[in-house]
Every structure is written in structure tokens, then in C-alpha cells.
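Hi,

Here is the structure I promised to pass on. Please open it and keep it beside this email while you read.

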Amino acid sequence: MTLEAVLVPENLNAAWSSVKANDGAGGVDGRNIAQTQAHLREHWEAVAKKLRAWEYEPGAVRAKEIPKPQGGVRMLGIPNVQDRLIQQAIQQKLSEVFEPEFSENSYGFRPGRSTHDAVRKATGFVAEGKEWVADIDLKSFFDQVNHDILLALVARKVRCKGLLRLIGGYLRAPMQQPDGSKQARKCGTPQGGPLSPLLANIYLTPLDRELEKRGVAFVRYADDIAIFAGSERAAERTLESIVKWLKKHLKLEVNPDKTGVGRSDDGSLLGFRLYADGRVGVAPKAIERMKERVRKHWTGRGHVPANEHRNGWQEYIRGWWGYFGRANWQREVTDLSGWIRRHIRKWFWQRWHHPVGRMKALRKLGVKGRGIRVGLCSKGAWSMANHVAIKQALKNAVLRRWGLNHPWDDAKAAIS
């Protein structure tokens with residue numbers, strides 16, 4: 001595995017296709033995909049010459065905060081498009097070397113493997129009677145990665161000093177803050193570049209091997225680690241021992257507030273709840289996050305056009321169901337159907353603004369006689385959304401015709 005292998009045209013062309021497909025914003029140099037392509041047409045030979053001479057210095061990464069689903073923010077480091085190309089080229093070749101060595105119980109950032117595969121494996125452990133789960137949450141994992149340990153792990157299979165130097169350069173590339181200041185980095189591998197996910201798996205592979213050596217049942221998806229045991233005491237003993245091992249061998253700390261032992265049906269694995277009888281449901285936290293999205297989306301505030309509002313909702317809920325629809329126990333979701341429709345009807349009531357507009361809308365929806373006078377009611381929108389006249393005017397068939405149906409209801413109808 002050499003730097004020259006990374007720079008062969010076939011590998012670079014494949015890397016560029018991947019970077020171009022992923023698109024994304026530019027880095028600190030301000031160049032987007034098209035601008036970088038034009039720049040490289042003119043300057044690639046000079047860039048390649050610097051790479052081969054070990055003189056290439058990766059650019060700073062652009063700091064960008066994104067919200068976490070559980071709250072708080074995650075800091076990404078977005079490399080320049082040119083550096084994304086080089087990182088992707090390195091990743092493709094490194095993956096060929098390291099991927100065959102990864103654990104069968106590791107699922108994150110790996111080709112042909114998914115969160116659903118990890119959940120399926122975990123379901124098998126629970127079916128075997130291993131109902132107690134030790135959840136390990138690594139504290140700011142991508143910021144904790146020790147560069148010396150990581151490069152030593154890479155060097156076990158990569159002997160090319162030029163390539164190792166380049167990887168080290170990407171690890172140490174400074175983080176540029178929004179105010180233009182640059183923060184030096186002595187540890188961590190920032191999320192946002194193509195190389196970081198693979199390096200994360202390389203770094204955590206010794207943990208996988210340690211767990212395998214002990215005969216422990218586990219599933220790891222990136223830095224989410226779940227260990228399965230037949231008793232609470234066994235899970236606690238394993239957790240205590242592994243937390244010490246992580247600190248000693250990988251210099252990693254755990255988040256004590258999110259690390260602990262519990263039954264599989266009391267916790268969450270990648271958003272799913274695993275029941276001892278084989279059912280797989282949606283975890284309560286995932287349900288709460290979806291409900292919060294419903295409340296936020298179906299508020300009468302704002303002036304987004306109705307079609308755009310509908311399309312935004314369908315994009316979200318179909319994507320959500322595309323992920324969680326794999327659960328074979330769906331009552332936690334289907335029980336929300338009426339509640340969601342009530343929020344949608346509330347939105348319509350609020351969008352009709354005033355009594356005249358409400359009566360006019362009700363008339364268009366086929367409400368006749370005294371029912372029209374419901375538009376004069378001064379009760380709150382949430383209360384009115386449950387009024388029999390509003391439910392009749394905006395009945396399920398009408399909402400479905402307007403594209404405001406639930407994907408799980410569609411799936412149920414297709415089966416029946």
C-alpha cells in the first residue's frame with residue numbers, strides 16, 4: 001500500500017466521481033465542486049508533484065456545527081474539495097487493506113452493512129437470552145482519537161512513509177472557526193471528511209478484538225457499542241472492565257450519563273427497542289423526536305406555501321418511515337396516526353386565519369347548513385381540530401388525496 005497506488009488515474013477518477021456525487025459545500029478556500037474541477041485541470045500536476053515529494057500540506061478544515069438528534073451540537077470539520085478528493089482516494093485504497101480485517105460485529109461506515117443489519121444481529125443475541133445490555137457511549141469520540149495510537153495502527157499495514165505523513169497531515173490540519181481564527185489540533189479526526197469514518201473503524205478494531213477474545217456478544221456501529229449478557233451482574237462486570245480497558249489501551253473516556261446497564265426493551269439501539277420475545281419496536285426517544293418534529297412542522301406560524309409545506313412533510317415522514325418501518329412491532333407509531341392528523345387539521349384551521357375565511361373554506365370542503373357556523377367558533381385551534389365538523393371536512397380520504405397520508409397506513413393498506 002503506497003502513495004503511488006493512491007495517485008493512479010483510475011483511483012483518482014473513482015474518488016472524484018464519489019466526491020462529485022456527494023456534492024456538499026466548499027471549504028475554507030471557498031471553491032465549490034465546479035470551481036475546484038476547473039482549478040485542478042490547470043494545477044493538478046503541481047499538486048501531484050508536491051504529494052510525491054512529501055511537500056503537500058492539507059488545508060484547514062472549516063468548522064461547522066450541526067444539531068444532534070438528542071440535543072446539543074456536533075462539530076464537523078469540512079475539508080476543501082481538493083482535500084476531499086485526496087482523502088477519498090486514500091480511503092479507497094486503505095479500505096481494500098483494512099476492510100477484510102474488521103470484525104463481523106462492526107457495522108458502521110462499512111460497505112454492504114447498515115444499521116438494520118446491526119439491529120438484526122442484536123435481535124439474535126436477545127433471542128438467545130442475552131437480554132441485559134451494557135451501552136457504552138464514548139465521550140466526544142471523534143475528538144478524542146489519539147494520533148499516535150491511530151497512526152501506529154495504520155502503520156501495521158501501511159509501510160509507505162509518504163502516505164503515513166499525508167494521513168498525519170490530515171489529522172493535524174487546523175480547524176478554522178467562523179471568525180477566521182484557526183485552532184491547532186493535537187488529537188481527534190474531525191467528522192466531515194471521507195477519511196474519518198474509516199480511521200474511526202481502524203482505531204476501534206482493537207476493542208472489537210478484545211471483546212471477541214473474551215467471548216462477549218456485542219454490536220458496534222461506529223462509536224455506538226452495545227454488549228449483551230444473560231444477567232445484569234455479567235453486563236455490569238463486562239462494562240466496568242471494558243471502560244478501564246478503553247482508557248488504558250485507547251485513551252478513550254466514556255460519557256457516564258449515557259453509559260450503563262439495562263434490559264434491552266428499556267433502552268435503545270440505533271433508535272430501535274428490542275423486546276425479549278423477538279419484537280423490534282421504535283425506541284421512545286425516537287418517537288419523542290418525531291413528535292417534536294410534528295409539532296414544529298404543523299404550526300400555523302410562517303408563510304410557507306401549502307404545496308411546499310406538504311412536500312417538506314412528505315420528504316421527512318417517508319424518510320423517517322424508510323428507516324423505522326423495518327420494526328416488526330409498530331403500535332407505538334400507528335397509535336400516533338390520529339394525533340398527527342389532528343395536528344394537520346389544526347394547521348388548516350390556523351391557516352384559514354379568521355371566521356370569514358374559515359366558513360368559506362368549510363363551504364368549499366362540502367360542509368353545509370349550520371355546520372358552516374363552526375367557522376365562527378372562538379375555541380383554540382387544537383380543540384377545533386378535534387371538532388366533528390372539522391374532522392368531517394378534513395376527513396382521512398381528503399387528507400390522503402392531498403398527499404397528507406401516513407406511509408405506515410399506506411403499507412397496511414397494500415398488505416390488506
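Start at Arg62, which stands opposite Gln176 in β4. This is a predicted model, so read every position as a prediction.

The two strands around that spot come next. Strand β1 covers residues 61–67, and strand β4 covers residues 175–176. They pair in the parallel sense, over two bridges. As background, strands of a sheet pair through backbone hydrogen bonds, either parallel or antiparallel.

Now step back to the sheet. It is open and has four strands, in the order β2-β1-β4-β5. The pairing in this sheet is mixed. Which strands form the edges? They are β2 (73–78) and β5 (182–183), and each pairs on one side only.

Then look at the whole chain. Its secondary structure comes to 19 helices and ten strands. The C-alpha trace spans about 85 × 60 × 40 Å along its principal axes.

How many of the residues are buried? The chain has 416 residues, and 48% of them count as buried. The chain exposes about 21300 Å². Carbon and sulfur atoms supply 50% of that area.

Contacts are worth a look too.

Last, the charges. The chain has 70 positive side chains and 43 negative ones. The centres of the two sets lie 9 Å apart.

Best wishes

Methods
Residues are numbered from 1 along each chain as its sequence is written. This is a predicted model: local features need pLDDT of at least 70, side-chain atom pairs count only at pLDDT 80 or more; totals for chains, interfaces and linings use all residues. Side-chain values use heavy atoms; hydrogens and water are left out. Two strands pair if DSSP finds at least two bridges between them. Buried means under 20% relative accessible area, exposed over 50%, partly exposed in between (1.4 Å probe, protein chains only). Accessible areas come from the Shrake-Rupley method with a 1.4 Å probe; for residues, only the protein chains shown count as cover. Lys and Arg count as positive and Asp and Glu as negative; His and the chain ends are not counted. The place of a charge is taken as NZ of Lys, CZ of Arg, CG of Asp or CD of Glu.
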